[in-house]
Amino acid sequence: KLVEKFYPTDFSPSDLKALEIELRYFQNDMHRLPCFKDLTTLPQLCQQLVETTLAENYHLLYKLIQLVLTLPESTATTERAFSCMRIIKNRLRSTIADEFLADCMILHIEREFANNIDNASIIEEFKSSKSCRVKF
């Protein structure tokens, strides 16, 4: 159900059938192998699959676990970006162009890095650069 709902493009219809079969075999191994008995989290399960080299046998299950483990990070990044956009758009009354909005969002999201930039050195850099003449 996870695959069908959240990852339909990552698994083909034949992968879905193979995953069902893998899951049946995996259930048997989970009860049979003692190294899987005390696992309580998905990261522990993923690590144990790699350590026992069963990740190769259960490659579709391993792929699904990896996708599920990356979901919180990708969701958090998206939420941060939308939160940032809401802050910037409200402050500037939604009158800014898309390119300027994108630039502002990058600076806001990466503000820890941006706060370490020395403004005086940037000003000096522009002063020392050659002026560009435009012919009409």
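**Exercise 1. Surroundings of leucine 54**

Find which residues leucine 54 is in contact with, leaving aside its neighbours within four places in sequence, and decide whether leucine 54 counts as buried or exposed.

*Solution.* 
1. With those neighbours set aside, the contacts of leucine 54 are Leu33, Phe36 and Leu49. The model used here is a predicted one.
2. Locate the residue: leucine 54 lies in helix H4, which covers residues 54–57.
3. Buried means under 20% relative accessible area. Leucine 54 has 11% relative accessibility, so this residue counts as buried.
4. For a distance, take phenylalanine 26: 28 residues separate it from leucine 54 in sequence, and the C-alpha to C-alpha distance is 9.4 Å.

**Exercise 2. A residue at the surface**

State where phenylalanine 126 is placed and why it counts as buried or exposed.

*Solution.* 
1. Phenylalanine 126 belongs to helix H8, residues 119–128.
2. The cut-off for exposed is over 50% relative accessible area. Phenylalanine 126 counts as exposed because its relative accessibility is 63%.
3. Phe126 also takes part in a nonpolar surface patch with Phe113, Ile117 and Ile122. Together the four residues have about 430 Å² of accessible area.

**Exercise 3. The whole chain**

*Solution.*

Notes: Residues are numbered from 1 along each chain as its sequence is written. This is a predicted model: local features need pLDDT of at least 70, side-chain atom pairs count only at pLDDT 80 or more; totals for chains, interfaces and linings use all residues. Side-chain values use heavy atoms; hydrogens and water are left out. Patches are made of residues with over 30% relative accessible area and no salt bridge: like charges are joined within 9 Å, nonpolar side chains (Val, Leu, Ile, Met, Phe, Trp, Tyr) within 5 Å. Accessible areas come from the Shrake-Rupley method with a 1.4 Å probe; for residues, only the protein chains shown count as cover. A salt bridge is a side-chain nitrogen of Lys or Arg within 4 Å of a carboxyl oxygen of Asp or Glu. Helices (H or I, at least four residues) and strands (E, at least two) are DSSP runs, numbered from the N terminus. Buried means under 20% relative accessible area, exposed over 50%, partly exposed in between (1.4 Å probe, protein chains only). Contact means heavy atoms within 4.5 Å.
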